[in-house]
Amino acid sequence: MDIAYPIAAALLVMLVSLAGIIFSAQVFASWVHRNLTYLASFAGGVFLIVIYHLLEETLHEGSLSLAAGAVLFGATLMVALHHLLPDAHHHHDVSHDHAHTPIDGRRVLVSDALHNVGDGVLLVAAFAVNATVGFTAAIGVVLHELVQEISEFFVLREAGYNNREALLRNFISSSTILVGVGVALFLAAAEEIAILFAGIAAGGFLVVLVQDVLPHAIHSTRAHGGAWLHVGAAILGITVMLGVQFFFGHEEAREEDLALTPLSQTLSRPS
């Protein structure tokens with residue numbers, strides 16, 4: 001296997017994390033600012049499908065006890081993060097109406113970072129089978145991340161970060177995909193680590209959805225109405241992610257050879 005392929009794919013995923021810059025342009029800025037609360041609900045729909053995918057992957061590849069433990073650890077980690085770490089941001093861009101239920105951007109970033117580690121492992125495993133499977137996996141990950149990273153940009157903006165801060169933090173979080181690539185290249189049991197990170201990320205995103213996005217939407221509805229707009233935005237997020245996964249889901253990267261062959265053997269297979 002040419003290790004340049006998964007590294008290049010990982011760098012492309014990192015660049016995709018900057019896709020939110022499209023919505024920071026002046027032509028979109030005012031529209032984004034007016035609709036951030038609904039865009040956060042759209043992101044909630046995206047996160048719901050991300051959680052489902054991560055849980056499905058964890059349960060498919062690992063035991064029920066491992067999956068439950070990983071999800072519980074991820075959820076506990078996010079709750080501890082909220083209570084133990086100092087609030088490094090004062091949500092200066094959030095309107096007064098939303099200040100009572102601020103979204104904690106740190107939880108989104110940590111959950112995404114863990115998710116990206118798993119994606120890095122997946123890319124190496126896919127390219128270890130053959131280039132075709134690898135490029136299929138890369139396309140799936142890139143399209144999946146495109147929707148997710150734009151959604152996270154909206155959430156970080158609603159959490160109070162300005163455009164530059166949101167883009168920079170998204171990019172730094174996405175860089176952990178290189179950690180996953182490194183893990184897969186040097187550890188024979190990397191697929192087990194990928195399963196663990198998928199479960200932890202699922203728990204983290206679950207906390208983000210329950211403690212951040214959902215209360216935010218409820219408070220916004222009570223203050224300004226528009227409940228159906230929030231529901232519609234969430235359904236749209238779900239629909240978009242289902243469409244992406246239907247055509248280019250992560251599971252396409254797991255061709256029959258990849259599913260049946262241990263990663264330690266595929267990594268040692270001559271290219």
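A helix crossing is called left-handed if the near helix is turned anticlockwise from the far one by less than a right angle, and right-handed if clockwise. This is a predicted model, in which local features need pLDDT of at least 70 and side-chain atom pairs count only at pLDDT 80 or more, while totals for chains, interfaces and linings use all residues. Residues are numbered from 1 along each chain as its sequence is written, and side-chain values use heavy atoms, with hydrogens and water left out.

Select helix H1 (residues 4–16) together with helix H7 (residues 177–186), whose axes come within 9 Å and cross at roughly 165°. H1 is therefore roughly antiparallel to H7 (an angle over 145 degrees), and their crossing is right-handed. Now show side chains: on H1 the contact (heavy atoms within 4.5 Å) is made by Pro6, Ile7, Ala10, Leu11, Val13 and Met14, and on H7 by Ile177, Leu178 and Val181. The residues of this contact comprise nine nonpolar, no polar and no charged.

A cavity here is a set of points on a 1 Å grid over the protein atoms alone where a 1.4 Å probe fits but cannot get out, and lining residues have an atom within 4 Å of a point. The volume of the largest cavity is about 70 Å³.

Finally, colour helix H2 (26–61), helix H4 (105–129) and helix H8 (190–224), each of which supplies at least two residues of that lining; H4 gives the most, with four residues.

Key:
Axes fitted to C-alpha atoms, helices over the stretch in contact; angles between N-to-C directions. Parallel < 35°, antiparallel > 145°, perpendicular 65-115°, else oblique. Nonpolar A, V, L, I, M, F, W, Y, C, P; charged D, E, K, R; others polar. 1 Å grid on protein atoms, 1.4 Å probe; cavity = no way out; pocket = protein on both sides within 12 Å on 5 of 7 lines; lining within 4 Å. Points joined across faces, edges and corners; volume = space filled by probe spheres on them.
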